[in-house]
Amino acid sequence: MTTATPALPTPIGIIGCGNIFPAYLKTLARCRRIRIVAIADANAELAASRAAEHGLTTLSIADLLASEAQIILNLTPPQAHHAVGMQVLNAGKHFFTEKPLAATFEQGQELVKLARAKGLRVGCAPDTFLGAAGQTLRALVDGGTVGQIRHGTAQFMNHGPDHWHPNPAFFYQPGGGPLHDVGVYYLTHLVNHFGPVAKLRSTSHVTHTERRVPFGPREGEVLPVGVPTHVVTQLDFASGPQIVLTSSFDVWAHTHTPMELYGDDGTLLGADPNQFGGTVKHNRQTGAFERAAGGRPYATNSRGIGLIDMALAIQEDRPHRCSAEMALHVLEVMDRALDAGRTGRSVTLKTRCERPAPLTSKLF
Ligand SMILES: NC(=O)c1ccc[n+]([C@@H]2O[C@H](COP(=O)([O-])OP(=O)(O)OC[C@H]3O[C@@H](n4cnc5c(N)ncnc54)[C@H](O)[C@@H]3O)[C@@H](O)[C@H]2O)c1
């Protein structure tokens, strides 16, 4: 009897060692089917201190791009995603990036076009839809638990990243804002459940033209606001459901459920799409809400499983779930939602994507 030789661990490089870096490292360190070759950052001092802390090697960006790494994970701010991605793809490496795919749809299109021309893969966060709560909700949708879903709401509202991020300026520039920064999780979950959006309408507001940093090393600094901070979007999915998504950095507190999906026979209540776990509930008609069965993998912070899925997909010659097509479609939806808010007109989307395969068991 012959047994297949397991693929060697995929060598991975990381560019960007800021705030989100430790969360990724925690997940990546658990997977033996990948290995981290080296890390790099425009701030070489920061890269060196992260490398020392985690027992990793640091390289210049040029040396990392010339290294044996097959995939580069990009953890830079959205405004740098396009430039870093073009460099990575031109160096012949697969590219997995934090969200959004790029600061604009046009930049995202360029990245995907270059990847296709070079036969390389592009993957993109968020990967939270692979978590236990997102997959539970997907199974309830696919299983017809509440019949055909017709309508719904998705609500992301808080008072912005000023209260927790040490350097919040980029969140208030194109590529940031509540829709591209956090609404992207809600949209990606919805596309995972229902497939692509066909048409949308929006209203949007730049509620305050500047924000004052309330704490930390930048306390008192005034940040210009270059993006709408309250956006309400009516999403018409090609498969039928019509969902209202609210994305806001202007709300101190609220009591809405993150996601409610209304079907012919009942209602589904989803968990926070920015998390991997959480409670999912469903009811039938006038009955009480019941908690959906648990037990699925990835119920705690697992940022990085989208990258691992892409590395394993390359090893196994199958499509990866956090696909370039889905990320580009979500980016088009977000950009066009801001246009629609400006013009008051409805917009028909140009891109389409397949729903990713459900995740029914652990990846590794
Ligand atoms: N911070 C979070 O909790 C969080 C959560 C989810 C997703 N994200 C996403 O992760 C990405 C990074 O966010 P962050 O909070 O870690 O930002 P950050 O500002 O803390 O860190 C970004 C790092 O990238 C480096 N950098 C910037 N431009 C570069 C370039 N051109 N080449 C090389 N290095 C460069 C900076 O020096 C910095 O160290 C963003 O896309 C963000 O949307 C962040």
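In the predicted model, a backbone N or O atom of A42 lies 3.0 Å from a nitrogen atom of the ligand, and this pair counts as a polar contact, a term used for a pair of N or O atoms within 3.5 Å (within protein, one atom must be able to donate a hydrogen and the other to accept it, and residues adjacent in sequence count only if both atoms are side-chain atoms). Residues are numbered from 1 along each chain as its sequence is written, and side-chain values use heavy atoms, with hydrogens and water left out.

Around the ligand there are 25 residues, of which N19, I20, D41, K99 and H165 come nearest; a residue is placed in this shell if one of its heavy atoms lies within 4 Å of the molecule. The shell divides into 13 nonpolar, 7 polar and 5 charged residues, with Ala, Val, Leu, Ile, Met, Phe, Trp, Tyr, Cys and Pro counted as nonpolar, Asp, Glu, Lys and Arg as charged, and the others, Gly among them, as polar. Helix 4 (78-90) and helix 7 each supply at least two residues of the shell, and helix 4 gives the most, with 4 residues; helices (H or I, at least four residues) and strands (E, at least two) are DSSP runs numbered from the N terminus.

The ligand sits in the largest pocket, in the sense that more than half of its atoms lie within 2 Å of the grid points of that pocket. On a 1 Å grid over the protein atoms alone, a pocket is an open set of points with protein on both sides within 12 Å along at least five of seven lines, a cavity is a set where a 1.4 Å probe fits but cannot get out, and lining residues have an atom within 4 Å of a point. The largest pocket has a volume of about 960 Å³, a volume being the space filled by probe spheres set on the points, which are joined across faces, edges and corners. Its lining consists of 41 residues, and N19, I20, H165, F170 and F171 lie nearest the centre. By class, this lining holds 21 nonpolar, 13 polar and 7 charged residues, and helix 4 again gives the most, with 5 residues.

Helix 6 (132-142) provides the largest share of the lining, 3 residues, and the lining comprises 6 nonpolar, 5 polar and 1 charged residues.

Some backbone features lie in loops. A cis peptide bond joins K99 and P100, with omega at about -15 degrees, and P100 lies in the loop between strand 4 (94-97) and helix 5 (105-118). Another cis peptide bond joins A125 and P126, with omega at about 5 degrees.

Key. Predicted model: local features only at pLDDT ≥ 70, side-chain atom pairs only at ≥ 80, totals over all residues.
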